[in-house]
Amino acid sequence: MSASRSTSGKNITFHLPRRSLMIAGIAFGVGIALFLVVWLSSRNDEFYKAGPAATPQQVAEIEPLPEPLPAAAGSSDMPDAKAPPAGEDAPQLVETAPPAPPAAAPAPVAEAAPAAAAAGDRPQPIAEQSPPPSYPPAALRRGDSGSVVVRVDVDATGYPSNVTIIQRSGSRDLDRAAAEAVRRWRFHPAQSNGQPVPGSIEVPFDFKPQ
């Protein structure tokens, strides 16, 4: 007996990798996008094309302005300039310098009234180290003036040890200015038997606003 062989049909199926399918889909989409871009660009170029240039006959001709008329006598309301008569010089512009500003008024100061020559038993202020007091601004605004007499006690080294106002001017600012100025003075001390000793002296001041 011959053995019968049954042949069963086989279906052949090809399976593509998923990565290949994704790449093919992306390539297809990119191709579609490029096509749309090229198509839109061509339409924009046709839209923005300039029309035909205007012919020279279509350009309006500009007529030149007429030449100005020559000036005639009496055409202007302004009077004609007349030359100066013979023998007379033409007027000239003379520049004058501005007047000098007025000199500033000297600042008011307090002057030390002249005192009688002191004997050797009294201290003497050193001229280079005894400046006069400055006029207080508040008293100057009020117009205060007057005389102040200050008694200063000087030690054996020539420094003031005590300052007392024995005559007031009626202005507290003037009295204070005189006392503070004398406290900064330096003196030649009094002498006794050729030796420096403590002593006192009275210093008058006159405050007069100038």
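This report covers the fold, the core and selected residues of a predicted model.

## Overall layout

The protein has three helices and eight strands. Read from the N terminus, the elements follow the order α-β-β-α-β-β-α-β-β-β-β. The chain has 210 residues, and 18% of them are buried.

Contacts between residues at least 6 apart in sequence were sorted by separation. Of these, 72% join residues at least 24 apart. The protein exposes about 18,000 Å². Carbon and sulfur atoms supply 58% of that area.

## The largest nonpolar core

How many residues does the largest nonpolar core have? The count is 17. Val150, Val152, Val182, Phe187, Phe205 and Phe207 have the most contacts inside this core. Three elements each supply at least two of its residues: strand 3 (146-154), helix 3 (172-183) and strand 8 (199-207).

Setting aside residues up to four places away in sequence, valine 150 touches Val163, Thr164, Ile165, Ala178, Ala179, Val182, Ile201, Glu202, Val203 and Phe205. Val182 and Phe205, both among these partners, are also listed with the most contacts inside the core.

## Alanine 138 in helix 2

Alanine 138 is found in helix 2, which spans residues 137-142. Its relative accessible area is 23%. Alanine 138 is therefore partly exposed, since that class lies between the 20% and 50% cut-offs.

Leucine 174 is 36 residues away from alanine 138 along the chain. The C-alpha atoms of the two are separated by 9.6 Å.

## A nonpolar surface patch

Which residues form a nonpolar patch on the surface? They are Phe28, Ile32, Phe35, Leu36, Trp39 and Leu40. Together they have about 660 Å² of accessible area.

Phenylalanine 28, one of the patch residues, is found in helix 1 (residues 18-47). Its relative accessible area is 61%. Phenylalanine 28 is therefore exposed, because the cut-off for exposed is over 50%.

Key
Residues numbered from 1 in each chain as written. Predicted model: local features only at pLDDT ≥ 70, side-chain atom pairs only at ≥ 80, totals over all residues. Heavy atoms only, no water. Patch = residues over 30% accessible without salt bridge, like charges linked within 9 Å, V, L, I, M, F, W, Y side chains within 5 Å. Areas by Shrake-Rupley, 256 points an atom, 1.4 Å probe, with all protein chains shown as cover. Salt bridge = Lys/Arg side-chain N within 4 Å of Asp/Glu carboxyl O. Helix = DSSP H or I, 4+ residues; strand = E, 2+ residues; numbered from the N terminus. Buried < 20%, exposed > 50% of the residue type's maximum accessible area, 1.4 Å probe, protein only. Core = buried A, V, L, I, M, F, W, Y, C linked by side-chain atoms within 4.5 Å. Contact = heavy atoms within 4.5 Å.
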